[in-house]
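Here is a friendly note to read beside the structure. Take the points one at a time and look up each residue as you go.

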Amino acid sequence: MSRREPQFSQQTLIDTTPMPAEIPKVQEIGATSAPLTSAAYFIGDRCQAYNDDFMKCKAESNGRGELECLKEGRKVTRCAASVIKDINTHCLTQFTAHWECLENWNHRLWECRKAESDLNACVFDKLGLKKTIPGAVEPPRPTTRIPQYPIYAANTPNLR
Amino acid sequence: MPQDMPPVGGYSPVQYKRNIPARGFRPVHYLIGMHLVMAFGYYKLFYAVREQHELAREKLWGRLHILPLLQAEEDRDQARRYYADKAREKELFGTDNKVYHSDRFVRPTFMYTPSKVTQ
Amino acid sequence: MGVPFEALLPFGIIIGCFGAGGYGLMAVKNWTNEGKRARWNRDVWDRVMMERDMRLTGTARGQSCNHEAPPGFELSNPWKLEKRIF
């Protein structure tokens, strides 16, 4: 696609030619937006090295990273898929509760702290992955670095 | 001739003030109270803004963590279509010909589309 | 001859019409969002992700937490085209 986002798009072009056989296959991630948002910090915790590697490759080959970073991209996808698979096998109920809450609340993370703390506890127990926000300045809460008595969403029933 | 003179002892004072008692507190107390309420509001606002910054940071880093996998997915799609286009050109022309005078990957601006679109 | 409920008849009509409009809108909104609350204040990221959700699940608000995409997902990315102007 070109850089400009098409404004007057009248049709779509779908190309169903598969990838050439010499390029290794990777199964794409099937999680949609709410589960990905829910699992983002755990993906970031386990796959930080792969993610950084991929983005570094993209930055270094400026302009043609699409073809050269396929290997790093496959690693990123496999790692993220492994995280989602692990969460699905170990913490499915908490995970489902959290992303359904997110889906109902416009993907705003602060509306779903109760489900999130359950999910964080379960994932830390079973998988050892922790949610940390880099550069957060507010110290009190250990897992999310959000104040203990938040001002926002204080009246919603979903809180803590 | 007798002349009109003020009465003996002068005129009685004219009442120009209204004789109504002042209600409520003293005005300075209202001023102080208003400033206290405002100060409390700004105190809460200070922490609310700080919390909003943290929430924005949380959202940003959540997106940053899932951005590489989405980008990798998109890049694979671009590469797949690039190779498919190259193969089609090879089949049509018989040779590898390059549109641009470089080996760079360029996202296509113009595409040939099927002449009959079935929607 | 003054019937007391006559004054209430237009009142009922007003309530009925506003109610039909309001509940109708509510029903349409509920139906388009598949029983969930509507998304609002979406930025470009959200819109692109919702299009990806559509490709994955086939419905506008459907969600899935599988770690593997259904077969054919990687071949289904549509490019939006617009006719060239000159």
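1. **Chain B, one helix.** Chain B contains one helix and zero strands; helices (H or I, at least four residues) and strands (E, at least two) are DSSP runs, numbered from the N terminus. Its radius of gyration is 43 Å, well over the 14 Å that the globule rule gives for 119 residues, so chain B is more spread out than a compact globule. The radius of gyration is taken over C-alpha atoms, and the globule rule is 2.2 Å times the number of residues to the power 0.38. Along the principal axes, the C-alpha trace of chain B covers about 140 × 40 × 35 Å.

2. **What you are looking at.** This is a predicted model, in which local features need pLDDT of at least 70 and side-chain atom pairs count only at pLDDT 80 or more, while totals for chains, interfaces and linings use all residues. Residues are numbered from 1 along each chain as its sequence is written, and chains are lettered from A and ligands numbered from 1 in the order in which they are written.

3. You will find B:Lys44 in helix α1 (residues 27–93) of chain B. Is B:Lys44 buried or exposed? B:Lys44 is exposed, because 11 other C-beta atoms lie within 10 Å; a residue is buried if 20 or more other C-beta atoms lie within 10 Å of its own, exposed if 12 or fewer, and partly exposed in between, with C-beta atoms placed from the backbone. From B:Lys44 to B:Ala79 is 35 residues in sequence and 52 Å in space, C-alpha to C-alpha. In chain B, buried residues make up 13% of the 119 residues.

4. **An annotation on chain B.** UniProt lists residues 28–49 of chain B as "transmembrane region" in an unreviewed entry. UniProt positions are given in the numbering used here, feature names are shortened, and annotations may be inferred rather than shown by experiment. In the model, residues 28–49 of chain B are 100% helix and 0% strand, with end C-alpha atoms 31 Å apart.

5. **Where chains B and A touch.** This contact takes 33 residues from chain B and 43 residues from chain A; two residues are in contact if their C-beta atoms, placed from the backbone, lie within 7 Å. On the chain B side there are 14 nonpolar, five polar and 14 charged residues. Ala, Val, Leu, Ile, Met, Phe, Trp, Tyr, Cys and Pro count as nonpolar, Asp, Glu, Lys and Arg as charged, and the others, Gly among them, as polar.

6. Please look at helix α1 (residues 33–60) of chain A, which spans only 29 Å between its end C-alpha atoms, whereas a straight helix of 28 residues would span 40 Å at 1.5 Å a residue. The expected span is 1.5 Å times one less than the number of residues. Where is the kink in α1(A) centred? The kink, of about 80°, is centred on A:Cys47; the bend at a residue is the angle between axes fitted to the seven residues ending there and the seven starting there. Helix α3 (residues 70–90) of chain A has 21 residues and reaches 30 Å, close to the 30 Å expected. Its buried residues include A:Leu70, A:Val76 and A:Ile87. The buried residues of α3(A) pack against α1, α2 (65–68), α4 and α5 of chain A together with α1 of chain B.

7. **A:His107 and C:Asn41.** Most residues other than glycine have a negative phi. Phi of A:His107, however, is near 55°, and C:Asn41 has a positive phi of about 55°. A:His107 is in the loop between α4 (92–104) and α5 (113–126) of chain A, and is buried because 22 other C-beta atoms lie within 10 Å. C:Asn41 is in the loop between α1 (8–32) and α2 (44–57) of chain C, and counts as exposed, with 7 C-beta neighbours inside 10 Å.

8. **Chain C.** The elements of chain C run α-α-β from the N terminus on. Chain C has a radius of gyration of 23 Å, but a compact globule of 86 residues would have one near 12 Å. Buried residues make up 10% of its 86 residues. The contact between chains C and B takes five residues from chain C and six residues from chain B.
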